[in-house]
Amino acid sequence: MRRLLTGGVTALAVLLAAGCSTRSDDDPDPGRQNSPAAQETETASSGFGTLKGVCGPGTAEKSTAQGVTDDTIQVGVLSDVGFTKKSEFVDTAEVFTSWCNDAGGINGRKIEAVSRDTRFTEVRQRTIEACKEDFALVGGGAALDSLGVKDRLKCLLPNFPAQSSQIGAIGSDLQVIASQPTAGYFQYSGYYSWLMKEKYPESADRVGVIAGDSPVTKVMSAQFEEAVAGLGGKVSYTDLYPASGVSDWTPYAQAVKEEGVRGLVFLGDFASLAKLEQALTNIDYVPDWIDANSNAYGPAFPQLAGAALAEQHNYAELFATAPLESAADNPATQQAVDLFEKYAPGKQLTYPALRAFSSWLLFATAARDCTTLTRACVYENARKNTDWTAGGLQAPFDLTSEEPTTCFAVVEATAEGWRPADFEPDQGAFRCDGPAYKYKGDYGKPATLASVGKSLSDLK
């Protein structure tokens with residue numbers, strides 16, 4: 001995979017975190033017409049989970065779309081890898097494209113993924129570069145993703161991100177995300193309803209929020225405060241901590257104890273959370289629950305928190321993605337594990353990588369079903385999926401709806417590592433009875449084609 005190298009950055013990290021046929025689910029559609037892939041013999045290596053014939057050989061029709069030749073499709077992968085040093089989106093692109101190309105590509109065209117390193121503050125520069133060369137953006141994400149949205153819309157560049165962070169980007173036009181978040185809605189309604197109403201009902205009116213002092217997490221803090229109240233709870237304590245870090249977390253721990261916080265929301269980096277939990281343990285205070293959030297989901301957080309996890313109760317919700325710990329019981333997750341071992345030995349399969357894999361699968365199946373490969377066809381095909389599961393990596397997600405899924409998946413951190421929580425799942429690894437909470441506050445709107453003088457009819 002070709003990688004573009006760009007200049008450095010000194011900013012602090014955001015504390016987050018033509019005609020076409022289609023298929024609207026994970027099962028093969030017997031009605032697919034005119035697709036070159038349908039004329040080829042399917043091989044075992046071309047499928048993923050319940051998805052059949054994701055990639056394969058074929059005789060693709062000529063396309064005049066940018067980034068497309070008779071033999072290749074060039075797509076861009078945005079990531080902050082130069083700043084965060086986390087290569088999970090780049091690694092996933094390498095794994096997926098290697099697997100797909102070995103299987104024959106997309107109707108015979110090989111995928112060429114170009115890593116576009118946004119280095120935290122250079123989102124707009126990388127987006128403008130992608131506008132000049134790429135067919136689409138796939139399987140990436142940047143903390144300050146709204147910085148490049150208007151440029152992307154001006155050049156009519158579709159985006160299939162693994163994650164979307166800022167309000168201007170979440171739900172923006174020409175963006176198809178394979179799972180949550182959904183614009184205008186609290187994404188953790190099912191999870192928080194379980195925490196506050198079922199698992200720890202006495203915590204509901206004693207919720208605290210500690211957030212990193214950054215533009216993104218300040219807005220998130222306000223959203224969480226509203227949503228907790230909207231779901232029947234109450235935020236009784238809020239605080240910010242400096243983005244540059246805290247040398248002693250004891251004062252924060254003491255404030256949490258003095259305020260009687262029983263449920264703690266932490267919106268920041270997991271290394272800081274680990275130190276806070278050690279401070280809480282040192283003063284003998286244990287809230288009923290701590291939402292460590294998915295940023296902490298991985299082996300590093302339990303290692304950093306250490307013995308504190310024998311006392312503190314940490315949970316995270318994974319946007320209805322099957323936990324890595326369930327791989328033995330989930331063929332799609334196990335297949336992702338196996339592909340990483342084959343194509344990226346030594347690289348870690350992470351939760352963001354699983355989300356990126358779902359985005360790659362969505363893009364590939366949408367492109368596969370185009371008679372003539374165009375941006376409009378791929379975008380329209382992707383948007384027609386009503387129960388996208390990425391072959392079983394996640395709970396069904398309706399891409400035609402503007403409402404969030406009712407499904408959620410909860411994991412719990414222990415001193416031995418992460419494990420699925422006992423949250424009474426009712427559909428495999430997921431529970432699908434969560435309520436929807438739509439924000440009443442004005443937190444901004446996603447960017448639209450109309451805001452840059454374009455419309456969907458301009459997409460070719």
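User: Is K85 buried or exposed?

Analyst: Burial is judged by relative accessible area: buried means under 20%, exposed over 50%, and partly exposed in between, with a 1.4 Å probe and protein chains only. K85 has a relative accessibility of 65%, so K85 counts as exposed. K85 sits in the loop between α1 (81-84) and α2 (88-102). Helices (H or I, at least four residues) and strands (E, at least two) are DSSP runs, numbered from the N terminus. Please note that this is a predicted model, in which local features need pLDDT of at least 70, side-chain atom pairs count only at pLDDT 80 or more, and totals for chains, interfaces and linings use all residues. Residues are numbered from 1 along each chain as its sequence is written, and side-chain values use heavy atoms, with hydrogens and water left out.

User: Which backbone features deserve attention?

Analyst: Most residues other than glycine have a negative phi, and most peptide bonds are trans. K85 has a positive phi, near 65°. N293 also has a positive phi, near 60°. N293 belongs to the loop between β10 (289-291) and α9 (300-305), and N293 counts as buried because its relative accessibility is 11%. The peptide bond between Q180 and P181 is cis, with omega about 10°. P181 lies in the loop between β5 (159-160) and β6 (185-186).

User: Which residues touch the most other members of the largest nonpolar core?

Analyst: A nonpolar core is a set of buried Ala, Val, Leu, Ile, Met, Phe, Trp, Tyr and Cys residues joined through side-chain atoms within 4.5 Å. The largest such core has 68 residues, of which Y192, L276 and F301 touch the most other members. Helix α8 (residues 270-282) gives the largest share of this core, six residues. Apart from it lies another core of 65 residues, including V68 and A447.

User: What is Y192 in contact with?

Analyst: Contact means heavy atoms within 4.5 Å. Leaving aside neighbours within four places in sequence, Y192 is in contact with F186, K197, F224, V228, L231, V265, W289 and D291. A305 is in helix α9, and A305 is buried, with a relative accessible area of 1%. The C-alpha atoms of A305 and Q278 are separated by 6.7 Å, although the two residues are 27 apart along the chain.

User: Where is E412, and is it buried or exposed?

Analyst: E412 lies in strand β12 (residues 410-414). E412 counts as buried, because its relative accessibility is 15%. Leaving aside neighbours within four places in sequence, the contacts of E412 are N314, Y315, G417, W418, R419 and A421.
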